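Trainee: Please take me through the cavities and the aromatic contacts of the model shown here.

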Amino acid sequence: MKRFLFLLCFLALSGPAFATELRLSLSPDNGDLRDRLRSASLVATLVGDDSVPSSDLLAAARADYGRLISVLYAQAHYGPQISIRADGREVSGIPAFAGPTKIDRISISVSVGPAFTFGRAAAGPLAPQTTLPTGYASGQPARVDTIRDAASSAVKGWRDAGYAKAAIADQRIVADHRGAVLNSDLTLDPGPKLRFGRVAVSDDSAVRPDRIKEIAGVPEGRVFAPEEIARSAQRLRKTGAFRSVSISEDEGIGPNQTQELTIDVVDEKPRRIGVGAEVSSLEGLTLSGLWMHRNLLGGAERLRLEAEVSGIGGGGEQDYGLSARFDRPATFGPDTGLYLGASLADISEPDYDERNLRLEAGLTQQVSDDFYAEVGVSVLRSEFTDDLGSRSRSFLMFPVRGTLDQRDNPMDARTGKYLDLQLMPMIGLNDSSAGLRLQADTRWYHGFGEEDRHVAAVRLQAGSVIGLAQNDIPPSLLFFSGGGGTVRGQSYQSLGVDLGGGDTVGGRSFLGASAELRLAATKKFGVVGFADFGLIGDEAFGGDIATHAGAGLGLRYNTGVGPIRFDLAAPVGGDTGDGVQIYIGIGQAF
């Protein structure tokens, strides 16, 4: 009998503990508001866990009074009644250090009261061109966020006009509970109109302070403008030399009515090493590597060295390429930089062999946050052999390039567009030949579904060589189609200009089109359906043309940095196909 009683006591003491129950009642009931209140409640995050002590539950319940009121104020309910009870006792009346050791139920009862509207909604004085939120007006819902937005807009209007110290000097907000009306009056103090003054730089960077100020390009002496500060910070970030950039306004007013600034930066690691790989069943393996220094001479100068070997295991000879590029930002003004480049290539393609050396110098211009341009001068020396024979050519060239990039993520774009235009006048140094090479690459992305999980993507490519015949220009500057960068499912560079008798050379015109439908199966895996088309013409704008097309399916695995791509494609048009092709790489096809 004693053993039986002992067992009953043991089971009673060691049995399962029951978690605290939460009940939330709302009057009048409103599903959306109920969800907001539950999301804001700390108690709601703790109940259901029997390991949480009652003291923590009581502390969370006490904090919930203020948290729930904030939610109701945000929805224009300024006369709520809130009761939070622990086993029938109002939590606000339970002593902090004498609470119960066990709580079975917490009940939250909320009477939301009427929704208030604005009776008076005023702010002033306002700077010219200031626009207040449309909701900040008599008769509109009197939400707290609307008042905050109105205050922010009013201050921003003065700051945009050069009044850096503008602030809300006084605010009078009165609730009339009988009429459910809220009267709001905001009084602004613009302060004096200021100009940009001295710019100080923190001492924690390996980049010289004078170069940091040159790159930032704060227009000292000009009227203060917040967008200039944002633009200066963006210039510093675009150099790649800094992990973080912060430009803060000094609290006081500087000499001669100026706003002084302080620039704080945290350096990125000075060196970077990268490798890449892409596999095609016909083209073989392509390996690439880079070494980069982000601050070569102490002025955020960038040196980038790249090497690539392609065609490994592809059944033919391999291609080799080496290149170097030096960039110096803010050389002729904060948005204009200098670049120097050199490249050496040994190319062995299905229809030609070429060795070339190119030297280049030019200027870069960051026109806006998403538009970048280059203009330069370069010298090209090329020796090559194709079906027209062996030749050598030298050219003086003047490359011009403009790039508009509005993609949300270059490695895995879901929305936005991309446009790259290249224009290159060419003058022969061996003879009197001259011409113009044009190339364009445009891409559009449209996300759909929840959080743009799925993407429809389209790419159009075009190119033309004007004024130079096929035998006057190196083959690498002519156009071929086929392979991973143009038409998947078709053999690499299999489409050119057919001279007859099995002889083929590059075309003087090119048109390519690609479409992809990218569907996310899970957070990590996706499937892709795609179709590609290519056209080659023997004249600058067509002439005798040849076309081919390919289509296929692919898999994507999201690594967090960029997707791993696996594509399986087959020819669906033209006579250059060689069966099913496989493509593996990192990043989307375009």
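Trainee: How do the residues of the lining of the largest cavity divide into nonpolar, polar and charged?

Mentor: This is a predicted model, in which local features need pLDDT of at least 70 and side-chain atom pairs count only at pLDDT 80 or more, while totals for chains, interfaces and linings use all residues. Residues are numbered from 1 along each chain as its sequence is written, and side-chain values use heavy atoms, with hydrogens and water left out. A cavity is a set of points on a 1 Å grid over the protein atoms alone where a 1.4 Å probe fits but cannot get out, and its lining residues have an atom within 4 Å of a point. With Ala, Val, Leu, Ile, Met, Phe, Trp, Tyr, Cys and Pro as nonpolar, Asp, Glu, Lys and Arg as charged, and the others, Gly among them, as polar, the lining divides into two nonpolar, five polar and three charged.

Trainee: What volume does the largest cavity have?

Mentor: Grid points are joined across faces, edges and corners, and a volume is the space filled by probe spheres set on the points. The lining includes Arg459, Asp532 and Phe590. The volume is about 40 Å³.

Trainee: Which elements give two or more residues to the lining of the second largest cavity?

Mentor: Among the residues that line the second largest cavity are Leu22, Leu24, Leu37 and Arg38. Elements are DSSP runs numbered from the N terminus: helices (H or I, at least four residues) and strands (E, at least two). Those that give two or more residues to this lining are β1 (21-27) and α2 (31-40).

Trainee: What is the angle between the planes of Phe118 and Tyr136?

Mentor: Rings of Phe, Tyr and Trp (its six-membered ring) pair if their centres lie within 6.5 Å; planes under 30 degrees apart count as stacked, over 60 as edge-to-face and the rest as tilted. Phe118 and Tyr136 form an edge-to-face pair, 5.4 Å centre to centre, and the angle is 75 degrees.

Trainee: Why is the pair of Tyr352 and Phe480 stacked?

Mentor: Both Tyr352 and Phe480 are buried, that is, under 20% relative accessible area with a 1.4 Å probe, protein chains only. Their ring centres are 5.8 Å apart, and the pair is stacked because the planes are at 25 degrees.

Trainee: Which ring does Arg488 lie over?

Mentor: A charge sits over a ring if NZ of Lys or CZ of Arg is within 6 Å of the ring centre and within 35 degrees of the ring normal. Arg488 is also one of the residues lining the largest cavity. At 3.9 Å from the ring centre, Arg488 lies over the face of Phe530.

Technical notes: 1 Å grid on protein atoms, 1.4 Å probe; cavity = no way out; pocket = protein on both sides within 12 Å on 5 of 7 lines; lining within 4 Å. Buried < 20%, exposed > 50% of the residue type's maximum accessible area, 1.4 Å probe, protein only.
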